[in-house]
Amino acid sequence: NKIIGIIGARGIGKTTFLIQYLKNFDFEETLYFSADSILTSGISLYEIAEEFSKYGGKILAIDEIHKYKNFEAELKEIYDFLDIKVLFSGSSAISLEHSRGDLSRRAILYKVKGLSFREFLELKLNLTLPKITLDEIIKNHSNISAKISKDIRVLKYFKEYLKTGAYPFFLESSQETYYMKLLEVVNKTIENDLLYLFHIEPSNIFILKKLLLLLCENPPGSFNLTNISKEIGINIKTLYNYIQALLKG
């Protein structure tokens, strides 16, 4: 596809993926920039893409595209009038289903999720593990588990995975610094992405954080939305909107 989007949570590895992908091609035919950079402010995405195309550019990678207002319309213009390929990354909350210019028919979105246990083990132990389908597990789980546990102390690493294994920055962090970086990811997602994408007033940041804390501290099905709305001081409709924002972010 001419336009491909990589969406996912902060810190999940989207920027790393874009840069690694560009390294597979001729340097002069690729261009990477972040849509929230001061250097690109005041210049439209289309203008950048058009100038890049004139110099023989083939693949354009745009990071943090959700920070650019009306990016959908400009991507549509690039798609319709320029002969280049565009990859972009953005927040999990990006949706193109009802975007201006019907970009949903032109762009393909791939959602990057947290590391699976298999991916965690591959990075942690520097090895390659085969993908196993659910049907294979159902039919032959005893032999599969015996083979894996013969070489890997599965329970030991699974306990570690549950604590610090979802984000790839565990490789460069101790357990203590991992939690600090994770907290930074949460704060930036709420304070930057959700406020921008869902038009939430900055003064309500503390309400989003308090709501997130309540959702984390109470097991599913154990809390009452009416009581929560009273506790944090917002109406039910706003509460539903904030829950949806947290879910998508």
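Visitor: Does Tyr-167 count as buried or exposed?

Guide: Buried means under 20% relative accessible area, exposed over 50%, and partly exposed in between (1.4 Å probe, protein chains only). Tyr-167 counts as buried because its relative accessibility is 15%. This is a predicted model, in which local features need pLDDT of at least 70 and side-chain atom pairs count only at pLDDT 80 or more, while totals for chains, interfaces and linings use all residues. Residues are numbered from 1 along each chain as its sequence is written, and side-chain values use heavy atoms, with hydrogens and water left out.

Visitor: How many aromatic pairs does the structure hold?

Guide: Rings of Phe, Tyr and Trp (its six-membered ring) pair if their centres lie within 6.5 Å; planes under 30 degrees apart count as stacked, over 60 as edge-to-face and the rest as tilted. The structure holds twelve such pairs. One of them is stacked: Tyr-167 with Phe-169, at 5.2 Å centre to centre and 25° between the planes. Phe-169 is also buried, at 10% relative accessible area. Elsewhere, ring pairs join Phe-117, Phe-120, Phe-158, Tyr-161 and Phe-170 into a cluster.

Visitor: Which residues does Glu-160 touch, leaving aside those up to four places away in sequence?

Guide: Contact means heavy atoms within 4.5 Å. On that basis Glu-160 touches Phe-120, Lys-124 and Gly-165. Glu-160 and Phe-120 are 40 residues apart in sequence, yet 9.8 Å apart in space, C-alpha to C-alpha. Glu-160 is partly exposed, at 24% relative accessibility.
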